[in-house]
Amino acid sequence: MIPLVYYLELSVLVFGIGLYGVLTTRNGIKVLMGIELMLNAANINFVAFSRYLADASGQVFATFIITLAAAEAAVGLALFLAIYRARGTVDVGELQSMRW
Amino acid sequence: MLEYAWLIPLFPLVAFAVILLFGHRFKEQCGYVAIAFLTLSLVVSLLTVVDVLGGRTGGSPGISWINAEGFRFGTMIDQLSALMLFAVSLVGFLIFIYSLGYMHGDEGIQRYFAEISLFIASMLGLVISNNLLFTFICWELVGLCSYLLIGFWYSKPSAASAAKKAFLVTRVGDMAFLLGIFVLYAYFGTLDYNELFERAPEFAKVGSGILGMSVLTLASLLLFGGAVGKSAQFPLHVWLPDAMEGPTTVSALIHAATMVKAGVFLVARTYPLFTPASFLVVAYIGGITALIAALMALVMVDIKRVVAYSTISSLGYMTLALGVGGYAAGLFYLLTHSFFKALLFLAAGSAIHGVHSMDIREMGGLLKKMPITGYTALVGAWALSGLPPLSGFWSKDEILVAVSARDPVLFAMAMVTAFLTATFIFRWFFTIFTGEESERSAHAHESPATMTAPLVVLAIGAAFLGFLKFFGFEEWIVRALPEEPMAIGGDHAMVMQLSILIAALGIATAYIIYNRKAVSSELFVRNLRPLHTFIVNKYYMDHLYIALAERVVAGFSYLMERFDMLVVDGIVNGVGRLFIKVSEVVRRVQTGLVQDYASAVLLGASILLIILKLKEVLA
């Protein structure tokens, strides 16, 4: 059996990659993808601990997160689509109208 | 009818509403509407008085208006209320009738009858109220009506400013009255008269912490402050002479017969609350008022102002009587004064109506032209000067006896006043009604019957009401007090002879100077120039008040304005400016870049994690 810590390391790695993507990339679609990665990193954590502790509620959480991620992706993509139609760009660096 | 006494003020109130809403349909007929409703009031009043005369007193607990302890608006009918009901509704009724003639053809006749109906409603409410709060409400209402009616001819600047003056000066007294109510409510927890009187002895010795006065002394002096304003006592008497700018009927009704009596009535109503200390103040204020007002009446040339000052003087007499313990004497004078002073005012109004002038020097010889007015005025003057057998003598005599038993200084003041009163009222009478006919009086003619009839009725009252003394008036009226007042000593026969002598001397003086013209009044004026100037200028009290208002009050207001602008506004604006400055800097945080926000979240989460870890490690 693979030890728990391997899963956690994988999870941290995936979360880090996702976070890096969110913070550095300027393309809105890629930011959304980064967020997906972070959510899935959390999922790996939940499932791993669920197995390790023999408690099913972790898997329930994972299921919820998958559902939520789907909804988030739908809403996020719809937002960017609308922004693209209005502004002709999805570059988050240019979307600064909420600035002081 | 005792149980239905609450109806008495309601009738004129309905008349007020009807005239206000539908008056434009009635036009000149408004007067009849007002009189019709007042007649109903008069009937109920008289039936109530009959009840009280039959020995029944009481009232109704009334309705609860504000749902709190002690705030029930009920009626309290005793000998005092009965006396006032009689005087107010009867004199009011006569003056309403007189108004038909006097106000005939005036553009504002609808407004006049509406306001005067509201006035009589509030006045009747005031005298039957069973608690101080309702008394105060009616008190303010009569003040309002007084304001409205003094300024009735509001397009005249002098009338408008006289109305304002009356309102503001009485307001000073009303403030004291209100404070008195607060004090009483704070200590007694009730404003119901009967409950107040029952518990008054408990508080006679309790200190109020102000100038070493007891609670009762403080409260009664504050209530008396209200009376000083309303009853035009020194030093708040300055509004009453100016109030003569209103129609003469208003002067007769409000500023002679009824409203100005409200102050005296208040003192009489709250009599059991007064302590010896406060009685002393009451007596001296009354005495001073009587004397200084009589002096001013002596030099005035305006037909109404002479009577106005004489009213102040008479009110001072009543206050003086109440102050020295002459409860019955004061109220007896109040009753007779209502009649003869209303009579004098209405006679003055009739003379003005005939001559179209207010200056007594422009009148003269009117007795032949206006005989009814003239002879009824003579009755009024006779009664006021206090010669037997008219009502003024019997009532004034009672006051003099009461004063003579108490205080020689006050007695001397009262005697001088009595002399001056007889002099100035006969100066007034002789100058207007006897002597040579002036140019203006040559065209004068007697007033219509609506005006002369009330004069005659009032003259009958002024002549014969004094005989009530022989029907046990005094024993009857003191039953309104919870306990018998101390018997007043005093040498009755001596005082009576002295007062007759003094009054006769006064009339003789007036006769020599103003009728025979044996001695010119100019002689006195020339020899007593400074004194004359001093009195003609009303002791410079108006000047004093104006200076006080302009210098002290305006100066203080200026300081307050600066304080408000610089300090209060400064703090408010400063706080606003501070936040603007701070947010100028802080708002730079909002870059609008989503990744900056995400970084901030990461940073915050990292810091939280580090703190948690540190706590674990350190623990």
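Is B:Ser391 buried or exposed? With a relative accessible area of 0%, B:Ser391 is buried, where buried means under 20% relative accessible area and exposed over 50%, with partly exposed in between (1.4 Å probe, protein chains only). The model is predicted, so local features need pLDDT of at least 70 and side-chain atom pairs count only at pLDDT 80 or more, while totals for chains, interfaces and linings use all residues. Residues are numbered from 1 along each chain as its sequence is written, chains are lettered from A and ligands numbered from 1 in the order in which they are written, and side-chain values use heavy atoms, leaving out hydrogens and water.

B:Ser391 belongs to helix α17 (residues 391-404) of chain B; helices are DSSP runs (H or I, at least four residues), numbered from the N terminus. Beyond its neighbours within four places in sequence, B:Ser391 has contacts (heavy atoms within 4.5 Å) that include B:Thr336, B:Phe340 and B:Leu465.

B:Ile150, in helix α5 (residues 132-150) of chain B, also counts as buried, at 0% relative accessibility. Residues up to four places away in sequence aside, B:Ile150 touches B:Asp242, B:Glu245 and B:His255, among others. The C-alpha atoms of B:Ile150 and B:Leu609 are separated by 82 Å, and the two residues are 459 apart along the chain.

The largest nonpolar core has 209 residues. Such a core is a set of buried Ala, Val, Leu, Ile, Met, Phe, Trp, Tyr and Cys residues joined through side-chain atoms within 4.5 Å. B:Leu132, B:Tyr327 and B:Trp428 touch the most other members, and helix α14 (residues 327-355) of chain B gives the largest share, 20 residues. Among the contacts of B:Leu132 outside four places in sequence are B:Phe177, B:Leu223 and B:Leu266.

Two helix pairs complete the picture. The axes of α8 (residues 215-230) and α12 (residues 276-299), both of chain B, come within 9 Å and cross at roughly 20°. Axes are lines fitted to C-alpha atoms, for helices over the stretch in contact, with angles from 0 to 180 degrees between N-to-C directions. α8(B) is therefore roughly parallel to α12(B), as angles under 35 degrees count as roughly parallel and those over 145 as roughly antiparallel.

In chain A, the axes of α2 (residues 28-53) and α3 (residues 57-87) come within 9 Å and cross at roughly 175°, which means that α2(A) is roughly antiparallel to α3(A). The residues that meet include A:Leu32 and A:Phe46 of α2(A) and A:Phe61 and A:Phe80 of α3(A).

Terms used. Parallel < 35°, antiparallel > 145°, perpendicular 65-115°, else oblique.
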